[in-house]
Amino acid sequence: MWDYTDKVLELFYNPKNQGVIEEAEETGVKVATGEVGSIACGDALRLHLKVEVASDKILDARFQTFGCTSAIASSSALTEMIKGLTLDEALNVSNKDIAEYLGGLPEAKMHCSVMGQEALEAAIYNYRGIPLAAHDDDDEGALICSCFGISESRIRRVILENNLTDAEQVTNYVKAGGGCGSCLANIDDIIKEVQQEAATPAINNYGVKVATDIATGKQSQLGLTNVQKIALIQKVLDEEVRPVLIADGGDVELYDVDGDRVKVLLQGACGSCSSSTATLKIAIEARLQDRVSKNLIVEAVEPLL
Ligand code: FES
């Protein structure tokens, strides 16, 4: 007997948004469908999205699924999560988000959350007319598991996104290796490669050496001098933060960097806005932590009169 959360059981017994969305020739609205899995493999999911063309907003989402308790609950959860989001926002929904919405899934059932994420991507890429095989950075990659038709790129992605460390986990997330088992050694090799690549310093967009922590997926900069750190902070502010603030009638100026404390002057709408603290934390601190160092703390300073 699987140890399901109350939320999983609730959505299994009373699934929300089950069914089809028919194309009704409504002005300004389009229906997109994404389909993943196969009945022969034991799980299949067809996801229907009703999209407002002008805003790219998902007005409605429904699903048809062939699968177990977790597949039905994951599909139902996904449709609840994405209603009201734009397509770009929906693309940020990960299989981890679906599992978290459900209060967790048994490890052996995580493939149901992955199936939801993949159906969502398939529907959005169908809507945008992008061939599914071409939307990854690379191509679909070599076929690793012929029993379940799983490519190397899918295995790499699930390892990275979910910090998987052994072949059994990969089987739980995408089923690869769960049939004849002849691909398990290849999956072990891919895990080692991904871990090695993550441990090898790479050069990021700012020309800085970075290492990726396989446990968190976060990158941290290596060997940055103080001068380089300040230059990098300035570059990120100029290229990624200020354009967003300026578009909103605000701006930010770097005032000083003291160790890990970054002092900034908020200007225009940002300086007088009651939500300027949130602006600092979300738009500036989080971005600098992501791009430069997770230890940075951003503080606003008052302009000298
Ligand atoms: S080839 Fe992967 S389980 Fe058979």
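**Notes on the model**

1. Strand β10 (residues 261-268) and β11 are paired in the parallel sense, over 4 bridges.

2. This is a predicted model, in which local features need pLDDT of at least 70 and side-chain atom pairs count only at pLDDT 80 or more, while totals for chains, interfaces and linings use all residues. Residues are numbered from 1 along each chain as its sequence is written.

3. As to confidence, pLDDT is the predictor's own estimate for each residue, on a scale from 0 to 100; its mean over the chain is 83, and 82% of the residues reach 70 or more. The lowest confidence in the chain falls in strand β8 (residues 219-221), with a mean of 56, and the highest in helix α2 (residues 69-82), at 95. Over residues 134-139 pLDDT stays under 50, and the model has 5 contacts beyond four places in sequence for this stretch, a contact meaning that two C-beta atoms, placed from the backbone, lie within 7 Å.

4. For the chain as a whole, 11 helices and 11 strands are found. Of its 305 residues, 35% are buried, a residue being buried if 20 or more other C-beta atoms lie within 10 Å of its own, exposed if 12 or fewer, and partly exposed in between, with C-beta atoms placed from the backbone. Among contacts between residues at least 6 apart in sequence, 53% join residues at least 24 apart.

5. To return to the sheet, it is an open one of 3 strands in the order β9-β10-β11, and its pairing is mixed. Because β9 (250-258) and β11 (297-300) stand at the edges with a single partner strand each, one side of each is left without a neighbour in the sheet. From one strand to the next the twist averages 30°, the axes being lines fitted to C-alpha atoms (for helices over the stretch in contact) and the angles running from 0 to 180 degrees between N-to-C directions. Helix α9 (residues 226-247) packs on this sheet and touches β9 and β10, and its direction makes about 165° with that of β9.

6. The antiparallel part of the sheet is the pair β9 and β10, joined by 8 bridges, in which Glu253 stands opposite Leu265 in β10. These two strands form a hairpin with 2 residues between them, and Gly259 in the turn has a positive phi of about 65°.

7. Helix α5 (residues 110-127) has 18 residues and reaches 26 Å from its first C-alpha to its last, close to the 26 Å expected at 1.5 Å a residue, the expected span being 1.5 Å times one less than the number of residues. Since 15 of its 18 residues are buried, α5 is largely enclosed by the rest of the structure. Gly129, whose phi is positive and near 70°, follows α5.

8. Which residues of α8 are buried? They are Ile187, Ile190, Ile191 and Val194; they cover an arc of only 100° around the axis, which puts them on the same side of α8, the arc being that of the directions from the helix axis to the C-beta atoms. The buried residues of α8 pack against β4 (143-145), α6 (152-162) and α7 (167-174), whereas the face turned away from the buried side carries the exposed residues Ala185, Lys192, Gln196 and Ala199.

9. Asn17, in the loop between α1 (6-13) and β1 (29-38), has a positive phi of about 65° although it is not a glycine, and it counts as buried with 20 C-beta neighbours inside 10 Å. Lys175, in the loop between α7 and α8, likewise has a positive phi, of about 75°, without being a glycine, and is buried, with 21 other C-beta atoms within 10 Å.

10. Finally, Gly103 is placed in the loop between α4 (95-101) and α5 and counts as partly exposed, with 13 C-beta neighbours inside 10 Å. Leaving aside neighbours within four places in sequence, Gly103 is in contact with Thr5 and Lys7; the C-alpha atoms of Gly103 and Thr5 are separated by 6.2 Å, although the two residues are 98 apart along the chain.

Definitions and conventions
Pairing = 2+ DSSP bridges.
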